[in-house]
Every structure is written in structure tokens, then in C-alpha cells.
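Trainee: I am new to this structure. Please take me through one part of it closely.

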Amino acid sequence: MKIVLSLISLLFISFTALAQNFTINGTVKDNTGQPVPFATVLVKSTTKGSPANADGQYTLTLPTGTYDIQFKAIGYKQESRKITLQGNLTLNIELLPEAFQLQNVVVRAGGEDPAYAIIRKAIRKRKGYLTEIKSYTCDTYIKGLQRILNMPKKFMGRDLDQMAREIGLDSNRRGIVYLSESESKLAFMQPNNYHEEMVSSKVSGSNRAFSFNRASELNVNFYENLQDWEGLSNRPLVSPIAENALSFYNYKYMGETVENGETINRIKVTPKRKFEPTFEGFIYIIEDSWRLHSADLMLTKSAGINFVDTLTVKQQFVPVGTKTWMPSSVKFEFTAGLFSFKIGGYFVAVFKNYDINPALTRKTFAEVMRVTQGVNKKDSTYWQQARPIPLTAEEMTDYEKKAVLAKKRESKPYLDSLDKVHNKVSATRFLLSGISIRNRYKKTYFNTESVLGSLLYNTVEGVAINYGASFSKQIDSARNKYLRLSGRVRYGFSNKLLHGNITGIIPINDYSLSFAGGSDVVDLNNTYPIRPLSNSISSLFYRLNYQKLYDKHFISVGLSRRIAGGLQGSVVAEFADRRWLDNTSDYSFFFRNREYSSNNPLAPFSNTPLFPNNQALKVSIRASYDFSNRYVTYPTGRFYLASKYPKLEVGYTKGINKLLGSDVDYDLLTASLSKSDVSLGMYGKFDFYIGAGKFFNNKQLYFTDYKHFSGNEILIHHDAPNSFLMLNYYTNSTASSYLEGHYEHNFGGLVLSKIPLIRRLKLQEIVKASYLTTPQFKNYSELGVGISYLGIKALYGWSFNSGPNSKTAFRINLEF
């Protein structure tokens with residue numbers, strides 16, 4: 001028996017030795033002794049490997065054995081080393097610049113560059129390579145880093161040194177502001193389905209945060225005709241091998257080289273015209289198969305990109321199996337500047353351990369991303385073994401320094417000290433900005449509005465104050481749920497009426513319970529199309545009192561929840577006492593010979609009440625469905641993603657007669673279909689909204705119960721999917737039926753780089769059209785064309801009204 005046990009022990013020790021892992025490390029430099037950042041280190045004929053770091057340092061962990069290790073980087077000649085690994089090994093490598101030979105090519109004067117023949121073959125093969133892999137899984141690692149390259153000492157009168165110290169910058173206000181790493185398991189299925197599960201996450205300076213890294217967002221595919229990089233560009237970018245790429249690019253043959261028995265062609269890519277969404281740089285194409293071998297491309301401001309000045313994309317492919325090539329790494333590097341600030345950084349992703357065409361089901365891809373509790377709790381020992389890209393000395397220092405800062409920031413004394421400074425109350429803050437008192441340790445927040453910002457003027461109340469305060473407390477940190485309460489006090493100095501109300505939202509499991517009660521002065525149009533400040537300016541400066549108001553004493557309660565997937569529902573019950581109000585003030589700064597209109601929008605030159613005092617009990621049921629069950633899962637809960645299909649909304653409102661003294665008796669059914677940011681490829685994006693409704697019973701209702709529309713009669717206009725540029729606020733409201741439609745087309749951006757003072761100005765061309773029909777007012781249509789910059793739209797609008805007061809109008813509108 002002892003002999004058997006001894007043999008078993010010996011076998012166990014032997015297998016353990018055979019399975020032992022060792023580390024290969026070193027530095028990759030060029031022939032001048034400079035490090036080659038992010039050079040790729042691979043075991044030949046596998047996807048095992050990793051890039052070097054920004055200083056050219058690499059680490060590779062492998063079991064005992066004999067290997068052929070390849071060292072490569074775009075623009076350098078590949079080097080290989082055969083090694084027998086029996087212990088830890090240091091292996092430094094020098095890469096020479098790649099020499100691309102032109103001896104096999106004859107370019108005749110006036111003839112077509114040989115690059116075009118290669119590109120045409122690559123384009124013909126593009127679609128096949130795009131769809132050849134039906135599905136795959138792989139392991140990914142992502143590192144992201146952003147640093148401040150330059151920051152002024154002062155900005156707009158504020159000293160930035162204190163802020164720089166708090167975020168860990170050096171005495172020159174430079175250094176890393178964001179450093180993160182993550183590991184994920186990625187699954188893909190045609191045509192464009194991804195499921196990603198984060199395995200680990202590390203963010204410098206935070207023990208609780210999760211990395212923003214997403215492997216699916218960094219998995220660039222130049223076999224796609226258009227690269228739709230949301231947010232970076234208003235128009236999708238054209239791939240250098242897109243179906244119509246020859247209309248956008250010039251190509252130049254730069255030579256060929258041989259790597260692992262494959263001939264690689266180097267092609268220089270330049271845009272045909274400025275200000276088009278195109279790349280410049282180099283692509284590398286394999287002879288005979290005409291696959292992409294690698295890409296080294298750049299985007300600049302002339303391509304119409306947002307936020308950054310330059311963006312470089314470097315991607316490398318490796319063979320997986322006998323025929324398939326898959327991405328092994330991709331790196332995005334960027335610089336950006338605004339005023340005296342300059343930042344730079346990169347995201348690098350490593351893809352390895354591919355499994356081609358595994359058995360996957362479509363149900364897997366309903367969940368796009370999963371981040372579970374604990375993935376950000378892995379210790380330093382884990383990361384030393386797991387990270388494929390070694391940390392640079394600067395990154396090590398950043399982790400160590402910010403770990404101390406993070407521990408300090410999360411302590412109660414530190415949070416209390418910050419809150420003490422933040423919570424100071426002064427007369428200036430009370431008047432100008434409002435008071436904000438917080439306790440971040442207990443996660444409670446109290447805010448009041450500014451006194452000056454609460455002042456308003458209208459002809460019903462005269463000068464009035466509508467002062468509000470709010471309180472919130474996080475009651476479920478795991479699912480990020482808050483108890484929210486707010487209240488308002490309103491007083492009109494002309495009509496001497498005091499109002500007050502309170503509202504609240506209470507999360508209860510998967511439900512959200514809302515309530516409100518009190519009294520208020522509210523707009524007759526329940527879409528609130530004109531803001532109090534806009535009406536105050538219009539009244540005081542132009543003597544045009546557009547807003548019409550009434551007195552409302554009310555109590556309401558509502559319940560809402562996500563029913564399943566993209567289906568959401570809510571129910572709200574309200575009882576209200578509505579009272580007519582008359583004008584009590586006629587003051588204005590200018591145009592005092594002009595007569596104010598009455599508070600009755602349908603009889604503007606008569607003080608006749610629009611409705612008698614009445615009570616209303618009504619119940620509203622709403623449901624919406626966006627035809628999508630795709631979601632992401634975080635430790636705080638499940639969050640559903642927007643669908644590529646339009647959103648359908650259906651609503652039913654019942655005015656209940658006699659119960660609790662209610663005077664109303666009506667039934668309104670509404671439906672709408674809407675969608676934002678629908679891509680038209682190179683032709684920009686569009687939004688649309690179609691709404692319809694009908695009162696199936698209108699035995700007794702008042703103007704406040706009508707279906708109202710979001711109109712506009714002033715220069716400043718609040719943008720909304722179903723808003724009109726020049727529609728009267730009240731006269732098109734209906735108690736029968738309606739049909740409305742809205743369409744807005746954003747044609748993309750135009751960068752004006754020739755004008756020194758506005759070198760970064762980007763204008764977006766916009767067309768907006770709307771249509772409305774109601775039985776009593778027939779047809780109303782309008783068209784607006786204009787531009788947008790920094791979120792402000794300037795639209796030149798025309799309206800055409802075929803109703804009782806038929807007219808054509810023209811106005812310039814600013815939308816925010």
C-alpha cells in the first residue's frame with residue numbers, strides 16, 4: 001500500500017512539474033534603442049500572446065515546452081525566436097523597420113497605380129469575409145488610459161491647482177486622470193449580436209467603480225461598409241475597402257513584404273476630398289486571399305469627428321485555424337484640446353482563445369452585457385497573473401497613489417469635510433444659486449432653488465414667486481434606488497393667492513409609487529409649451545402674454561413598472577378642483593399702448609371665463625413597447641437598451657362622472673409611434689413621431705381636458721419630438737379627434753476649418769416638417785430648415801394653415 005501511495009505521490013509531483021507555468025519577459029525596441037509601444041508578442045500558429053505596454057515591455061506566461069515566439073508591430077519586420085521554456089526567461093528583442101519591396105511592380109507614366117487592382121480584389125472579397133464566421137467566442141482584455149497633457153493654472157477666474165491635487169495630478173497639473181483594466185468573455189453571432197460578460201474590472205482611484213470598457217465597442221470591423229461610431233462622428237465613416245470606397249479614397253502602392261510565407265501588400269490610403277467621413281493612413285492586404293492583415297489609420301477634424309482632434313486606429317489580425325483570420329488586437333489613440341486644456345490617451349483591446357462557430361442560441365444575446373457583483377474586487381495578486389500587458393512605471397505609481405486617495409475619499413471624515421465646505425449657507429447662494437446640503441456618507445441630498453430664479457411675471461398673478469425645494473435619499477444602493485420628495489410654494493403679489501404642493505416618488509420592489517397633492521397655478525395646455533421665463537420676458541418686454549393659466553387644487557397617485565422586456569405600464573388617478581382665473585396685472589416695461597390679451601385664449605379681447613369652476617376625477621392608463629428585449633445587467637439591476645424599431649405608446653383616459661362630485665364624463669384613446677436617430681448611412685439620421693387620438697365619449701369635459709399640442713409663438717423654442725415651430729399654443733386644442741406627424745432630418749456635419757476664430761465650428765444641416773389636422777381647424781403644416789451648433793438649432797420656419805384663419809407665416813426659431 002505504501003508503494004502504491006509513493007507511486008501516486010511521484011506521479012502527482014511529475015504532472016505538477018509538467019504543468020508548471022513560467023514567465024517570458026523583456027523589452028521590444030527598435031534599431032535606435034527606442035521602445036516599440038504595444039508591439040505584439042505571439043506564440044506561432046496560436047492566438048496566445050499579448051501586446052507590450054507603452055514602454056515596449058511584455059510578459060508572457062506559458063507551460064514548460066518548446067515554442068516559436070513571434071514579435072511584430074505595424075511598420076516593423078517580424079522577428080521570431082525559438083525557445084525551450086524550463087524556467088523564467090528574459091528575452092529582449094530589436095525590431096527593424098519593415099522594408100517593402102517594389103521590384104515586382106512596373107508603374108507606367110499615366111497608368112493606374114497597382115494599388116487599385118489590389119483594392120478591387122479586396123472589395124470583391126469583403127462581403128464573404130464579413131459573413132464567413134457565423135459565430136465565435138473569445139477572451140478579451142482592455143486597458144484604457146487618459147491623461148492631462150496641459151492644464152492652465154487658472155480658468156475663468158478659478159484656481160485649478162486644488163482640483164489638480166484632488167485628482168492626483170503633479171505640480172504642473174499633468175498626469176493620468178483615468179486608468180482602467182478589464183477582462184471579458186465575448187460571444188458573437190451573425191449578423192451583429194454580441195454578449196459580453198465582464199470577468200474582472202479595475203479602475204485606478206476607485207474601489208467601487210466598474211470599468212467603462214466594452215470589448216464589443218472596440219471590436220472594429222473594416223469589412224463593414226460603414227463604421228458607425230456613435231458620438232464620435234455625426235455621419236458613419238467609410239471603410240477603405242467599402243463597396244463604394246473608390247469614390248471616397250485615393251490609393252498608392254507602397255510595396256510588399258513576406259511574413260510567415262504570406263506576401264503582404266502595403267497600401268497608402270488618402271481621402272479624395274476634405275470634410276468627408278474618411279480615414280487616411282495605411283492598410284495591409286494579404287496577396288492571393290486579399291484579406292486584411294492589419295490597418296494603421298487616422299481620423300482628423302477634417303473628417304468631421306467630435307470631441308477629439310485626432311484619432312489613430314491600429315488593428316492586427318492573426319490566423320485562427322487553417323483559413324480564418326481574426327483580430328488579435330486593436331488600439332485607439334487620441335488627442336483633444338479645448339481652450340488651454342489638452343488631453344491624450346488610448347484604449348487597447350486584446351482578443352485571444354478564439355472558438356470558431358461554437359453552438360450558441362439567440363436567447364444568449366438578449367443580454368448584451370453582464371457585470372456581476374464582485375468583478376471589481378480582484379486583488380493585486382490576481383491582476384499580476386491575469387493582465388497580459390505589463391504596467392508601466394507611471395501606471396504602477398498611479399494605482400498606488402490613487403489607492404491611498406480612494407481610501408481617503410471613501411472615509412467618513414473626508415466626506416464630512418467636503419460636505420462641510422459644500423454645505424455652507426450664504427445670502428448670496430440663497431438668492432443666486434440656491435442652497436445645496438448633502439451628506440454623501442448617508443447618501444442624502446437637500447436642494448433649494450434660487451430666489452431670483454423663482455421669480456416670474458404673468459398677467460394673472462403679476463409678479464410671482466414659485467419657490468421649490470427637493471430631498472432625496474438612496475434607500476437601495478444595490479439597485480441604485482432613491483426616495484425623492486419635492487415641494488413648492490407659490491404666491492402672486494397681484495392676485496394675492498397662495499399655493500403650495502408636494503410630490504414624491506417611492507420605489508417599492510419593481511414598482512415606482514408616485515403621489516402629488518396641493519394647489520398650483522398651471523398652464524391650460526398640459527404640454528407646458530412655453531416656459532415661465534420666456535413668458536415673463538415676452539410679457540414685460542413686448543407686452544405679449546402668451547401663457548394662459550388656471551387654478552388647480554388636486555391630489556393624485558400613480559403606479560408604474562416595467563412589465564416585461566421593453567413593455568412598460570403605468571396608471572394614474574387624479575382628483576382636481578379647477579377654477580378660472582382672470583388677469584389682475586397689466587404692467588410691462590415697453591409697448592404700454594398695446595393691449596394685453598385676456599386669459600381666455602379663445603376670446604382674447606373679452607374677459608369671459610373659458611370654463612366654469614368644476615371638479616374632475618380621471619384615471620389614465622399608459623403602456624409603451626419598444627419591440628426590444630435587449631438589456632445589460634449591472635449589480636444595480638437590469639437596464640434595457642433602446643430598440644432599432646419604433647416605440648409604440650397607447651393611452652386611455654377616463655373622466656369619471658359623479659363619483660366624488662366629479663363633473664366630467666369622457667373617454668380618450670391615444671396612440672403614437674416614434675423613433676429617434678434612425679440612420680440613413682451617409683445621408684445622416686432622422687427622427688419621426690406619429691400620433692393620433694379620439695374622444696369616443698365627450699359628454700362633459702372642459703378646455704383643460706382637451707387634447708393639447710406643443711406649439712410655439714416666440715423666438716425661443718423648447719425642442720421635443722412632437723413640437724411645432726409656429727403653432728398657436730391653444731387654438732388647435734381639440735375635444736374630438738386629431739392626427740399629427742413630425743419629421744426631422746439631420747444631414748450630418750460641416751466643419752469650417754478655414755476660419756481662424758472658429759476653427760472647430762461644426763454645423764449640422766437640419767430639416768424639420770410637421771403636420772396636424774383636427775376636424776374644427778382642418779390642416780396645419782409647417783417646414784423648417786436650418787443649422788445646429790452646440791445643441792442650439794436655428795430654424796427658418798414656414799407655416800401653412802388652412803383652418804378658419806388661413807394664413808402663411810415665416811419665423812426664425814431657436815431650439816434648445
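Mentor: Lys72 is buried, at 6% relative accessibility. Keep in mind that this is a predicted model.

Now look at the partner. The side chain of Lys72 meets that of Glu259 in a salt bridge, 3.1 Å from N to O. Lys72 lies in strand β5 (residues 65–72), while Glu259 lies in strand β16 (residues 249–259), so the pair ties together parts that are 187 residues apart in sequence. Glu259 counts as buried too, at 11% relative accessibility.

This bridge belongs to a wider set. The count comes to 21 salt bridges.

Take Arg490 and Glu461. Their side chains form a salt bridge of 2.6 Å, N to O. This pair links distant parts of the chain, 29 residues apart. Arg490 is in strand β28 (residues 481–492). Glu461 is in the loop between β26 (455–458) and β27 (462–476). Both Arg490 and Glu461 are buried. Asp520 comes in as well: salt bridges that share partners join Glu461, Arg490 and Asp520 into one network.

Then take Glu333 and Lys331. They form a salt bridge, with the closest N and O atoms 3.0 Å apart. Lys331 is buried, with a relative accessible area of 13%. Glu333 is partly exposed, at 37% relative accessibility.

Terms used:
Residues are numbered from 1 along each chain as its sequence is written. This is a predicted model: local features need pLDDT of at least 70, side-chain atom pairs count only at pLDDT 80 or more; totals for chains, interfaces and linings use all residues. Side-chain values use heavy atoms; hydrogens and water are left out. A salt bridge is a side-chain nitrogen of Lys or Arg within 4 Å of a carboxyl oxygen of Asp or Glu. Helices (H or I, at least four residues) and strands (E, at least two) are DSSP runs, numbered from the N terminus. Buried means under 20% relative accessible area, exposed over 50%, partly exposed in between (1.4 Å probe, protein chains only).
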